[in-house]
Structure formats: structure tokens, C-alpha cells
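Hello,

Here is the structure I promised to pass on to you. Please open it alongside this email, and have a look before reading on.

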Amino acid sequence: MGNNTLLAVENLWVERPGAEVLRGVNLTVGYGEVHALLGLNGSGKTSLALTLMGAGGYKPARGRILFDGQDITALSLTERARLGLTLAWQEPARFEGLVAADYLALGMREPSRARIEEAMAAVALSPMVYLGRTVNHALSGGERKRIELAAVYAMRPRLAVLDEPDSGIDVMSFQDIVTLFRRMADEGTSVLLITHRDEMVEMADVASLMCGGAIVNTGTPDEVRGYFAQRCRPHGDLLGSQPWGEEAGGTYQRVVAEEVGDE
Amino acid sequence: MSSRDPAWAHEFEAMMRAYEEAGGKSDILKTPRVASAVVSGNRVLATNLVEGVSIETEESESGVRASITVAPGTKVDYPVHLCFGMIPSEGVQEIVSGFEIGEGAEVGFLVHCTFPNAVDIKHVMDARIHVGPGATMRYSETHYHSSHGGIQVLPTTHAQVDEGGWLESEFSLTHGRVGRLDVRFEVDVAARGVVELTTKAYGLAEAEIKVNEGVRLNGEGARGLTKTRVAVRDRATSEIYTTAEGNAPGAVGHMDCTEIVRGAAVARNVPVVVVRNERARVTHEAAIGSVNRKEMETLMARGLDEDEAVDIIVRGMLG
């Protein structure tokens, strides 16, 4: 592990009922780095995000996760968060009776109204309109995702794992998203940006490609985009997902799909 | 006991402190523009009336009878504030009340029931509500009790909502402990009338919570919603029985129940749907069990521990 490494994932294997969802993942993310993780639906990206965060049911069978040199593989979700690691879920949870201002504040070490308003503005939400809104099902999917991004930004984590942050956000432009992630990086937050859209990779410092529950390529964004466009996207266009998922009788796809949609 | 009596002043101040603990703002009870009544045990300590609102009270052996009338067409600017409670640790308080909301009137009620020293108290409320044609009544009742859990809260309400009338009722017992809570609410709704019943309760230790609500949508286009939010932990129990009847064309009813269970607590929900007209529709949804895992993990990913996360979720649900 180099001196610039904040996160190091070493030979990580995770089994879920019916399938191995991670199969020897190796990955590093540097300090202040925006690292894009590209892959087709079903490649294991969300499983890796949940495993990094320590979510229930994602205990590694093998391998380890090092965060700033500390082995966090056995730590609880809360302990990881308190070390500065957080996750924005692909489909964020809804909370009855919890208003956005309080939701943002509860992840902040020193909550301040200025920071909360800044975070809301950074995701193109009017603080005046949204800070009093309940983070419940009355919000659109896009509004909820933007509040989730604002909460992560307000928290100033050391590593933000963002699972498909660009999907379903209609109002924020691509440039808004780029600006937000760059601001996070400027504040010292490393970003692991999970996406299946190769154009999102452009803004990263480093990119990795995930396939079949493992990292198969790491390099510059251009290199990884090129590999993805030539070798992966045709499979996605043809099958809509990983090619070998069908060969395995669809079990892997089913398990991953259940996890992604798990409420 | 008159307002010049030192005993009255002492009791009134004690009730005001309890009222504040229950979430009320005592200054509002001294504001002439706000209709209000303060009842301690079986004594009416204070009332204030505004134009179009009448509050008649009569003290009984164990409580108070109150008749509250809002004249037809009256739009009451500020909610009527009612404060019921007892300062002693033991006793019975029985509030028998009638609400008559005249045609086209609009009024809100903020009711605080406070028993800050309760060890062995029985609080009985028996209410009759009549919401006249096109009238609107919003009623919010919040309870605050001591941590002893030695209190029985037994509110019963029978309501009639006339054509085009609107009734919202929210009952909340989420602070302090209750020994036994038995909420009964029956309402008949006429054509194009609307009723929304919300009940929120938090049961700790050996608390017994029972909610029994019946909504009869009798008129064409009548609408009804029951929303129940209960959290129980330790060895507490909750039983929620809701019945919605769609008895007329275009009647629409929905029952929505969420109960969170922790420790050795037990929760039960029994929704009953009755439809007597082919153009009526009644639905129900219920979620009973542990805290939603994804909600809890989302909060833990912000640095909260499990207990803190559960507390945020439960408090949010109970408002």
C-alpha cells in the first residue's frame, strides 16, 4: 500500500445466498482522489459499496479492507463512519418525520446552518424550500438523491462511496455534478464514484472497471472508458447485463438485483 | 376557588408548568385573542372566549363536563387551546365533552393533557363531535406523563361529519410513560365529507396500548384515512383494530398502520375492510416489525450507533 493510499481493498470475497458477489476484489483509492468505478449492471459494484460500508449481510468470507492503514474489515458500520467513511445509497432510504435540515446535521461533527445551506445549494436545491421538507416519500426520486448527496457533502467524510449518484437526478447538470465532486475532493474527501455511465468517468482522476465481481482493469479514465466501450458495452447492449450471468442460470443476476432493490 | 385565591394561583402556575412540559406555550393561554380553557382535576381554573366560540363548563365529582360550540360560518383565527391535567399523583379525571361545529365554520383545537406526577391516575375522556355541513375541525391532542407509567388513558370519541364537512383528529402519546392506553374512535361521514384520524403512541416497559377505530363512509364521495404509528419496546404490547366501511358510491377509505417492535414487545394489527357499494373502495397497508434495516444503516453511515439510529427513526415516525 503506497503512502498516498486511503483505501486499500485486498482480495475481497463476499458470498450471498446463491452466489459469490465479490470474487477477489483488489482496489486502492488515494487521498483526495476521485476514483470512478465503472461496470455493467450486475457486475458487483453495489455489493462492493455495501461491503465497504459494512452493511448487514456483506461480511467478507476472505480478504480485508484497509482504511488509512487500519484494518476495518471487522468494524461495524458506525465505527467505519466515525473513521470518516460513508456511503450514498443508490436508492436512498426515506424517513418519516425527519426534515432535511436535521438529516444533514446528524452526520456533521459540528453542525452549522451555513454549511447545511451551502450543501443544499451545491446540489441545486433551494435551502429555503427544502430544509424544512421531510425526507419522506413525498420527495421525488431526484430530490431525495440530491438531499443524500448534500448530506454526504455536509458531513465532510474522508471517503465518500457514491453509488450511481447521477441516476435519476434530472435538474442537476453534468457540470453541477462534476463541480460538486471536485469541491469534495478540494476539501480532502476522496470519492469512489460508482457508475455504469462511461461519460461520468471523464471527471475522475483514476478509473477501474468491475466485471464478474472483480476489478479487471484500472487506469486513466480514457483507458478504462475505451476498454469498457469495446469489451463491455456490447455485452450490455445485447444482454442488458453481465454475459456470464445467463450462463450461471441467472442466479448471480437475481441476487444482485435483489440487493440493489433491497429496501 | 376564585382567581384571587392563593390556592388557585398555586394550582394554575403548577398547571402552566405542566402545560409547558407537555409542549404547550403557557403565554398563549393568557392571550385574549385565543379561546382557551384550563382544567385541573375537576376544577375549571380558567376560560377565555372569542367571538363565535362558546365554552360552557360544569364541574362534576370526578371531572368536568364541557360543551364547546362554534357558531355557523365562524372562522376562528387561532386554534382553541385546551389544557387538561392533574397535579396530584393519584386520582381520576373524567372529561365529558361535546363539540358542535356549525355549518361552514372553521376551527382548530390544540389540546394538551398533562400528568407530570402520575403514579396511579385514570384519565377518561368521552367526546361527542358534530361537524356541520361544510365545516372544518382540526383537533390535535398531545399527552405528557411522568415516567412512572401508572396512568390509564381512556379516550372515547363518537363523531358525525355532515355533508362536505372535514374532520382531522390527531392523538399523540409519545412522551413519558403510559400504563394503559385504550383509544376508541367511531365516526360517520356523510356525502363528500372527509375524516383523517392519526394516532401516535410509544409504549415502554409493561404498557398496554389498544387502538380501536371505526370509519363509516356513508355518503357519496366520502373519504376517510386512518394513520396509526406505534412503537413498543421492553414488554409492552399494542393492539390496533381499524375498520373502514365504504357504504356509498365513490367512497374511498384507506388504513395505514406502522408498528415498530423492539425487545420482548408484541404488536398486533387487525384491519377490517367492509364495502357495501360496488363503486366504493377501501384499502389498507401495514408494516409491523423491526426498524427498517436500510433506514437504520443509512443513519449509521452518518456515524450514529444503532440505538441512536433507532431513536431517530422512532421519534420521526411518532412526530
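Below are my notes on confidence, the contact between the chains, and a few helices, strands and loops.

A word on conventions first. Residues are numbered from 1 along each chain as its sequence is written, while chains are lettered from A and ligands numbered from 1 in the order in which they are written. This is a predicted model, in which local features need pLDDT of at least 70 and side-chain atom pairs count only at pLDDT 80 or more, whereas totals for chains, interfaces and linings use all residues.

**Confidence**

The model scores ipTM 0.89 and pTM 0.81. For pLDDT (the predictor's confidence in each residue, from 0 to 100), chain B averages 93, and 99% of its residues score at least 70. Chain A has a mean of 88, with 87% of its residues at 70 or more. Within chain A, strand β5 (residues 70–71) has the highest confidence, at 98, and helix α9 (residues 243–247) the lowest, at a mean of 49. Residues 259–263 of chain A stay under 50, and the model has seven contacts for them beyond four places in sequence. Where pLDDT is low, the predicted coordinates should not be read in detail.

**Chain A as a whole**

Chain A has ten helices and ten strands; these are DSSP runs numbered from the N terminus, with helices being H or I of at least four residues and strands E of at least two. Of its 263 residues, 46% are buried. By that I mean 20 or more other C-beta atoms within 10 Å of the residue's own; exposed means 12 or fewer, partly exposed is in between, and C-beta atoms are placed from the backbone. Among contacts between residues at least 6 apart in sequence, 71% join residues at least 24 apart, a contact being two C-beta atoms, placed from the backbone, within 7 Å.

**Where the chains meet**

The contact takes 21 residues from chain A and 18 residues from chain B. On the chain B side, α2 and α3 each supply at least two residues, and the largest share, seven residues, comes from α2(B). That side of chain B divides into seven nonpolar, six charged and five polar residues (Ala, Val, Leu, Ile, Met, Phe, Trp, Tyr, Cys and Pro count as nonpolar, Asp, Glu, Lys and Arg as charged, and the others, Gly among them, as polar).

Helix α2 of chain B (residues 293–300) deserves a look. Six of its eight residues are buried, so it is largely enclosed by the rest of the structure. The buried ones are Glu295(B), Met296(B), Glu297(B), Thr298(B), Leu299(B) and Met300(B). Their cover includes α3 (306–318) of chain B and, from chain A, α2 (77–83).

**Helix α7 of chain A**

This helix (residues 174–186) has 13 residues and reaches 18 Å from its first C-alpha to its last, close to the 18 Å expected at 1.5 Å a residue; the expected span is 1.5 Å times one less than the number of residues. Ile177(A), Leu180(A), Phe181(A) and Met184(A) are its buried residues. They cover an arc of only 90° around the axis, which puts them on the same side of α7(A); the arc is that of the directions from the helix axis to the C-beta atoms. Exposed Gln175(A) and Asp186(A) sit on the face turned away from the buried side. Covering the buried residues are, among others, β3 (34–38), α4 (113–122) and β8 (190–195) of chain A. After the helix comes Gly188(A), with a positive phi near 95°.

**Strand β1 of chain B**

Five of the five residues of this strand (residues 36–40) are buried, so it is largely enclosed by the rest of the structure. Ser36(B), Val38(B) and Ser40(B) point one way, and Ala37(B) and Val39(B) the other. Five bridges join β1(B) to the antiparallel β2 (residues 43–48) of chain B, where Ser40(B) stands opposite Arg43(B). Another five bridges join β1(B) to β5 (residues 80–85) of chain B, running parallel, with Ser36(B) partnered by His81(B). Strands pair if DSSP finds at least two bridges between them.

**Two loop residues**

Asp68(A) has a positive phi near 55° and lies in the loop between β4 (62–67) and β5 of chain A. Arg192(B) also has a positive phi, near 60°, in the loop between β12 (180–189) and β13 (194–203) of chain B.

Best wishes
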